[in-house]
Amino acid sequence: MKSGVNRCQVISCKKNEQEDEVMQNLTDDGHQYDVAIVGGGVVGMALACSLAHLPLTKHLKVAIIDSNPALGKRNCINKEDRPDPRVSTVTPATISFFKDIGAWQYIQQHRHAYFDKMQVWDYTGLGYTRYNARDVNKEILGCVVENKVLHSSLLSCIENTDFRKTIYPSKLTSMALLPSSSSMGVDSTLLTTALFTKGRLAKVELSDGKSLYAKLVVGADGGKSLVRELAGFKTTGWNYSQNAVICTVEHTEENRCAWQRFLPAGPIALLPIGDKFSNIVWTMNPKESSDYKTMNEDEFVKTVNHALDYGYGSHPKSSSLGGRDMFSWLRGDVTISADECFEVPPKVIKLASDRMVFPLSLKHANNYVSKRVVLIGDAAHTVHPLAGQGVNLGFEDSHALSRVIAEGVAVGSDIGEVSLLRKYEAERKPANIAMMALLEVFQRAYSVDFGPLNILRAAAFNGAHYISPLKKSIISYASGEQKIPLRLPFFS
Amino acid sequence: MNLGWRMVRKLRIVNARNGAFFNARFFSDSTTQLPLASVTVDPFSNTTKTNNNININSTSSSLKHLELAKFAAIADTWWDSEGPFKPLHVMNPTRLAFIRSTLCRHFGKDPNCAKPFEGLKIVDVGCGGGILSEPLARMGATVTGVDAVDKNIKIARLHAGSDPETSTIEYCCTTAGMCQFWFISCVRLSFLVIEHVADPAEFCKSLAALTIEGGANVISTINRSMRAYATAIVAAEYILRWVKEMTGFVYNPLTGRWSLSDDVGVNFIAFGTKNTQ
């Protein structure tokens with residue numbers, strides 16, 4: 001007993017000696033953070049806002065690393081500008097997340113377009129589905145917002161809190177984490193560098209020569225994530241030999257519905273973006289995309305109108321497969337939209353922006369977390385932009401990660417511990433994979449033009465149109481309220 | 001008295017690295033009934049420096065580098081969440097959530113605060129490698145970890161020292177019974193020790209003795225023996241009358257997570273307060 005106490009004394013006093021001198025160094029060590037977010041895009045900024053908002057995480061010291069000059073500016077959006085072609089369709093779940101963190105009020109100050117109807121059909125003319133927000137007693141199905149509006153809103157949101165964040169206008173060059181070790185105990189100091197050597201901090205080096213340390217590094221740096229690469233996360237994925245052509249177009253009147261038509265080479269979507277403008281996301285093969293990018297404007301407008309109307313095939317008739325009668329036995333209560341007829345989208349009269357082309361790919365990180373490193377958004381999963389779900393999955397990641405960090409703070413965990421971060425992975429990975437798989441099925445189903453398959457697809461459309469529990473389930477999933485695609489609608 | 005005086009001297013030395021501030025608070029919060037505490041405040045805050053200097057010289061000789069390296073290796077297994085102590089790591093957040101909610105309620109602390117335990121002094125009896133002490137320190141508590149195994153204390157100290165948020169934890173190799181002269185705490189926690197204790201009832205009494213009036217006790221164990229459960233809880237509840245809230249832990253093998261339940265048969269955690277009668 002006596003010897004035990006004596007040893008206590010010795011170690012305590014040894015520590016004490018160093019602590020006195022080190023504590024001062026520690027306080028003016030500006031490069032040590034709780035969280036370093038690499039990538040200040042919408043997903044990374046949403047994480048920062050969410051951390052700033054939650055009572056348990058608002059004390060955290062956060063660094064945001066991004067060389068994008070937009071992070072340094074405030075409110076650079078001119079309302080008179082025509083809509084930027086880079087838009088996102090945000091789901092009701094994302095909207096309520098933005099409301100929670102206090103960012104939605106800034107979006108409302110800019111151009112945004114709610115829509116309460118959606119029509120999906122295909123070129124074979126065999127079937128169509130119309131969705132109405134009132135089917136599920138909601139006001140809206142979603143909202144289309146320009147990415148720059150999302151970004152500046154999040155930036156305004158975080159500027160208006162007293163959150164301790166530092167923006168590094170630089171790029172990540174390297175990242176290091178030493179294995180956890182207490183073996184340096186003898187020369188114990190609490191200097192940042194010593195904490196790094198003990199595996200209690202990750203080190204992040206920047207292109208401007210600065211370096212910083214953090215308990216947790218968040219890779220929010222997009223599909224080509226360097227964090228993912230440096231941390232050694234493997235990915236699964238492939239390129240679709242497809243490109244998306246995106247642009248803003250103008251109508252004679254305001255569009256209030258989201259339209260999507262499946263064409264042989266891929267879907268074309270026409271999304272309302274406010275005023276008399278719509279956004280086009282048109283998926284096609286790379287050869288076509290370069291043609292469509294360069295063809296003259298009038299011809300392009302004509303092609304778009306053609307693709308959204310009679311091009312490739314006739315309009316679907318609701319009775320072509322017996323429709324409502326065929327499904328009458330499992331319709332349950334009738335949805336409002338089941339009685340809505342097929343409509344032709346509003347005509348495009350003018351191109352209102354440059355045409356931009358993006359290659360499409362699918363990529364999924366096999367793991368989202370390791371010690372002191374976590375991936376969110378496109379860094380963890382890049383999806384087909386089919387249903388505009390990509391960015392919503394990213395926001396769900398931000399939301400989930402901030403909650404997990406708060407849970408960790410609540411019980412006094414080290415927020416970089418992998419056992420804590422796994423909770424985030426366990427929540428998000430199955431949900432992201434489910435969405436990716438579903439989009440992949442759609443993608444594959446439309447990459448083949450084959451008679452029986454076409455009829456099957458049409459039957460699926462009709463089923464989705466007429467079977468109300470199924471329809472409600474689809475809407476609920478697409479709005480982000482339900483995390484798993486088909487909780488069997490018949491039993492729900 | 002003579003023995004008590006010696007114990008306090010030792011405590012003072014262990015606490016030395018926190019300096020006079022900690023010491024003063026430590027004793028001034030202890031309300032009456034413990035004349036020993038009030039007697040010792042002044043002399044020891046004055047002698048802090050002296051103690052330091054004396055002991056530093058002996059550091060290098062009394063602790064060999066090799067020995068320390070050996071403990072460091074074990075420390076890493078204690079703290080490897082995938083290692084031999086995995087069940088403990090998995091269960092930890094659940095019991096910490098219980099402690100957080102019961103203590104916040106008892107002491108009227110804000111549960112939405114990141115460091116709700118600021119101002120509370122907690123003794124973790126049977127602290128092992130410090131798996132519980134460290135989170136409690138991050139939650140703002142002034143923590144003293146006590147373990148009868150010298151090796152555990154060394155491991156705990158090494159690990160806590162590598163994070164500024166936990167480096168304030170005091171670790172001491174002793175038993176609950178021996179603590180009572182000098183740990184006058186608001187909250188006492190003892191985890192996973194009851195099953196190893198020869199006389200659980202006596203153990204509970206010594207825990208109660210450590211707690212100040214209005215303080216709280218939390219006991220938890222992975223209860224391998226029904227006897228330990230029965231004696232500890234019966235003793236706690238009926239002899240000392242301080243069990244206020246008790247809950248069981250159940251493990252869900254599908255999710256790999258622990259949650260709280262009404263079934264106290266296997267693992268349990270209990271909370272009690274000490275009130276002025």
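How many aromatic pairs are there over all chains? The count comes to ten, where rings of Phe, Tyr and Trp (its six-membered ring) pair if their centres lie within 6.5 Å, with planes under 30 degrees apart counted as stacked, over 60 as edge-to-face and the rest as tilted. This is a predicted model, in which local features need pLDDT of at least 70 and side-chain atom pairs count only at pLDDT 80 or more, while totals for chains, interfaces and linings use all residues. Residues are numbered from 1 along each chain as its sequence is written, chains are lettered from A in the order in which they are written, and side-chain values use heavy atoms, leaving out hydrogens and water.

A:Trp121 and A:Phe342 form an edge-to-face pair, 5.5 Å centre to centre with 70° between the planes, and the two residues are 221 residues apart in the chain.

A:Phe97, A:Phe98, A:Trp104, A:Tyr114 and A:Phe395 form one aromatic cluster.

Two charged side chains lie over rings (NZ of Lys or CZ of Arg within 6 Å of the ring centre and within 35 degrees of the ring normal):

| Charged residue | Ring | Distance to ring centre |
|---|---|---|
| A:Lys61 | A:Tyr33 | 4.7 Å |
| A:Arg355 | A:Phe300 | 4.9 Å |

Turning to the cysteines, there are zero disulfides over all chains, a disulfide being a pair of cysteine sulfur atoms within 2.5 Å. For A:Cys49 the nearest cysteine sulfur, that of A:Cys157, is 3.8 Å away, and A:Cys49 is buried at a relative accessible area of 2%.

Conventions: Buried < 20%, exposed > 50% of the residue type's maximum accessible area, 1.4 Å probe, protein only. Helix = DSSP H or I, 4+ residues; strand = E, 2+ residues; numbered from the N terminus.
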